[in-house]
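Please find below a colleague's note on the model shown here. The points concern helix packing and then the chain as a whole.

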Amino acid sequence: MTPLKFSFLPLHPLQTLSVLCLCLCQSQSQCQRQCLFFFFPFLRQHFYFLSIIVEYSEQGRGLLAMEEERAQTNGLADHEDQQPVYRGLKVMPFIIGNETFEKLGTIGTLSNLTVYLTEVFNMKNVSAATLINVFNGTSNMAPLVGAYLSDTYFGRFKTLGFASVSSLLGLISITLTATFSALHPPQCSAQSTACVGPTSGQLAFLFVGLGLLVIGAGGIRPCNFAFGADQFDPSTESGQRGVDSFFNWYYFTLTFALMVSATLIVYVQSNVSWSIGFAIPTGLMLLSCVLLFLGSGLYVKVRPDGSPLTSLAQVLVAAVRKRQLTVPDQSTVSLFNHVSKKSTNSKLPYTDQFRFLDKSAVLMPVDRINIDGSASNSWRLCSVQQVEEMKCVLRVIPIWASAIIYHLANAQNHTYGIFQALQLDRRLSRSTDFKIPAASYTVFTSLSLTLWVPVYDRILVPGLRRVTGKEGGITVLQRIGVGLVLSFLSMIVAGLVEERRRSDALTKPSLGVASKGGAISSMSGFWLVPQLAIGGLSEAFILIGLVEFYYKQFPENMRSIAGAFSSTANALSSYLSGFLVSTVHHITLRSSSGDWLPEDLNKGKLDYFYYLIAALGALNFGYFLVCASWYRYKGDSSGGIVELALEEAGGGPEKQSV
């Protein structure tokens with residue numbers, strides 16, 4: 001008898017696969033086989049899915065125990081005597097499958113949540129927008145906690161497993177609110193003068209589901225990319241190519257999930273049934289969990305080695321303790337310069353920025369050194385390497401802060417942009433009655449990003465490379481700067497479109513009344529495409545640029561933190577967006593000119609609000625220029641503007657502006 005069989009099945013587009021899943025035995029003497037069948041299409045040629053068929057017997061449990069023991073000795077990357085077994089592409093079906101269905105599950109639920117809150121939970125537009133902003137902010141802040149727990153205590157696989165189950169429970173909770181009438185308020189018609197809002201119990205159940213999704217996001221977002229990269233040997237050329245391939249697949253699945261969620265799933269939710277529309281992504285999330293755990297015995301699982309945040313804290317504490325000292329003039333030779341042999345970080349040269357932190361590396365008579373050359377008390381004496389790693393993080397923060405204002409524009413397109421669509425002509429054409437769901441218009445953001453990236457990479461970059469001599473055509477900071485400009489331009493376009501929409505709604509025959517009241521403008525919903533497309537172009541520049549920037553500028557052992565760091569700007573932007581929406585609404589409500597953000601957009605001045613966001617974006621771009629001119633690239637000890645420099649042949653750096 002063969003208890004465990006593996007077979008690789010080649011797939012073609014739209015071919016349906018069946019995955020046989022087996023649950024654990026109930027006892028050691030008797031096993032019960034519980035099988036679940038999942039059918040799903042895969043949309044990529046030359047991609048292989050690992051089908052596992054497990055035949056259990058009384059000896060099956062012993063076999064799995066042996067497999068688990070083997071995985072612990074061969075698969076753990078930090079084992080002192082055993083080299084990890086990198087299976088690379090062989091485990092990618094599990095990881096990419098988990099990524100795809102996890103994104104389809106969560107994005108499929110959240111992409112239409114704004115409409116769900118206003119039409120099913122009968123929330124006011126301002127209340128729904130504020131709740132969405134707070135939820136997005138908390139979801140993007142949670143990865144900081146998840147990254148710390150993963151690096152310090154649990155490791156990436158356990159964190160991913162726990163977070164995936166939490167997300168599944170959250171999606172089940174939200175699906176239940178749509179399925180059972182007792183968990184949401186009664187439907188409100190357009191003719192109703194007053195709608196019944198949700199009860200405290202209904203809100204509590206909804207908040208439990210959203211809270212579980214926050215916990216899931218906190219564990220999945222900082223670990224999923226790093227866990228996939230762990231499966232490739234970084235010391236080999238094939239391993240490095242595998243990481244690049246995984247990076248491409250990662251963003252392909254993200255774009256694929258966004259487009260499917262914004263079209264098919266949103267259509268089912270808006271036109272068929274909310275309960276079915278939420279049940280579909282919930283089932284996909286269940287499949288995501290199954291795929292993750294099926295490959296458990298094959299993964300390289302990097303065990304936690306302590307949080308790198310501890311090293312940063314030691315630098316701060318030691319510098320404060322030695323604040324009365326004077327940093328020696330010959331810092332490069334006078335400071336404590338020990339580098340641990342176990343360190344995975346590249347050695348950094350000394351830089352003269354943030355010289356106060358250099359005091360933590362000043363060697364005093366009371367400081368003791370271990371036999372291996374390390375400091376006996378790292379809270380009193382730190383190495384130059386630790387200090388420079390801290391400086392790397394501090395230098396990134398001003399650039400990171402500029403992304404906070406950038407995300408404001410994106411937040412409006414996913415909240416008030418949807419409210420605009422609800423009061424526009426959403427028919428596919430004048431001759432058909434088919435209406436595009438309001439939340440589906442956001443797909444044009446993903447489309448413009450998807451179409452622009454290959455054009456930029458294959459056409460513009462080679463041309464720019466010949467002009468600038470840089471491998472990427474332009475620097476990462478220049479790329480981010482272009483994204484910032486496009487961001488506030490998208491808000492100017494949004495303001496102009498809203499001004500025209502409101503004018504048509506008030507002066508031309510309407511197409512009826514929206515579900516929450518207010519005339520529907522005869523203006524086509526496709527007029528939203530320019531602002532959404534420009535927003536997608538800005539994402540193609542700034543978001544991909546920021547990912548590359550954080551990945552290269554953070555110390556190597558902080559790349560999980562770098563992933564979480566990226567999402568915190570989005571988090572603070574969501575909180576700021578919620579604050580701006582609430583503040584503008586309450587201030588203008590009492591003004592003589594009237595409320596800018598009423599329930600009926602025809603009675604408001606949403607275009608003024610868009611122009612306000614655009615003005616903040618323009619000021620933010622000026623702030624970014626100052627920070628970019630000051631920034632010093634990681635690993636460079638010169639005093640010039642490294643990131644914005646063009647290397648001359650045989651010469652030094654030539655300073656350039658953004």
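**Helix packing and overall composition**

1. In this predicted model, helix α4 (residues 125-154) and helix α6 (residues 200-220) have axes that come within 7 Å and cross at roughly 35°. Axes are lines fitted to C-alpha atoms over the stretch in contact, with angles from 0 to 180 degrees between N-to-C directions. The α4 and α6 crossing is right-handed.

2. The α4 side of this contact (heavy atoms within 4.5 Å) includes Leu131, Phe135 and Ala147, and the α6 side includes Phe207, Leu210 and Val214. By class, the contact of α4 with α6 has ten nonpolar, four polar and no charged residues; Gly counts as polar.

3. Helix α2 (residues 92-110) packs with helix α9 (residues 274-294) at an angle of about 155°, their axes being 7 Å apart. The two helices α2 and α9 are therefore roughly antiparallel to each other (over 145 degrees). The crossing of α2 and α9 is left-handed.

4. Among the residues making the α2 and α9 contact are Phe94, Phe101 and Glu102 of α2 and Phe278, Met285 and Leu292 of α9. This contact of α2 with α9 divides into twelve nonpolar, seven polar and one charged residue.

5. The chain has 18 helices and six strands, taken as DSSP runs (helices H or I, at least four residues; strands E, at least two). Buried residues (under 20% relative accessible area, 1.4 Å probe) make up 49% of the 658 residues.

6. Residues are numbered from 1 along each chain as its sequence is written. Local features need pLDDT of at least 70, side-chain atom pairs count only at pLDDT 80 or more, totals for chains, interfaces and linings use all residues, and side-chain values use heavy atoms, with hydrogens and water left out.

Note on methods: Buried < 20%, exposed > 50% of the residue type's maximum accessible area, 1.4 Å probe, protein only. Left-handed = near helix turned anticlockwise from the far one by under 90°. Parallel < 35°, antiparallel > 145°, perpendicular 65-115°, else oblique.
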